[in-house]
Amino acid sequence: MMKNIFRKYHRLIATIFCLPLFFTAVTGISIAIADTWLHQEELAGFLIAVHTLQIFKLDAIVPVLNGLGLIGLVATGASMTGLFAKRRQPKRMEERP
């Protein structure tokens, strides 16, 4: 029963945060490639502004939303794995005389 509830919330959170988290991952990787491999500091600076959404003045809220989304996904995903469920002891057969 609880797994179904967590699965429902996990699906909802994943649907909402799929694009923002994907965008954050792609721009973060692009920053590393532009700066380290291509040595394009100006491009890396622009990508940092895009990555943090500083160009839209959203740089204060985006990391908080991404963090809350990830925490929600980890919490619901971990609960569905069954790692934290109480294990039932197998019933012992009574000794027969």
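# Exposed loops and packed helices

Me: Where is H39 placed?
Reply: H39 lies in the loop between α1 and α2. The model is a predicted one: local features need pLDDT of at least 70, side-chain atom pairs count only at pLDDT 80 or more, and totals for chains, interfaces and linings use all residues. Residues are numbered from 1 along each chain as its sequence is written, and side-chain values use heavy atoms, with hydrogens and water left out.

Me: Why does H39 count as exposed?
Reply: Its relative accessibility is 54%. Exposed means over 50% relative accessible area, buried under 20%, and partly exposed in between (1.4 Å probe, protein chains only). H39 is over the exposed cut-off, so it counts as exposed.

Me: Why is Q54 called partly exposed?
Reply: Q54 has 38% relative accessibility. Q54 belongs to the loop between α2 and α3.

Me: Which residues does Q54 contact, leaving aside neighbours within four places in sequence?
Reply: A49 and D59. Contact means heavy atoms within 4.5 Å.

Me: What class does K57 get, buried or exposed?
Reply: Exposed, because its relative accessible area is 72%. K57 is also in the loop between α2 and α3. Its phi is positive, about 60°, although K57 is not a glycine.

Me: How many helices and strands does the protein chain have?
Reply: Three helices and zero strands. Both are DSSP runs numbered from the N terminus: helices are H or I of at least four residues, strands E of at least two. The order from the N terminus is α-α-α.

Me: Which residues of α2 are buried?
Reply: In α2 (residues 41–51), they are A44, L47, A49 and V50. Their cover includes α1 (2–37).

Me: What puts the buried residues of α3 on the same side?
Reply: The buried ones are V62, N66, G69, G72, L73, T76, G77 and M80. They cover an arc of only 130° around the axis, so they share one side of α3. The arc is that of the directions from the helix axis to the C-beta atoms. In general, an α-helix has 3.6 residues a turn, so residues three or four places apart point the same way. On the other side of α3, P63, L68, I71 and V74 are exposed.

Me: Which helix do the buried residues of α3 pack against?
Reply: They pack against α1. The two helices meet at about 145°, with axes 8 Å apart. Axes are lines fitted to C-alpha atoms, for helices over the stretch in contact, and angles run from 0 to 180 degrees between N-to-C directions.

Me: How many residues of each class make the contact of α1 with α3?
Reply: Eleven nonpolar, eight polar and two charged. Ala, Val, Leu, Ile, Met, Phe, Trp, Tyr, Cys and Pro count as nonpolar, Asp, Glu, Lys and Arg as charged, and the others, Gly among them, as polar.
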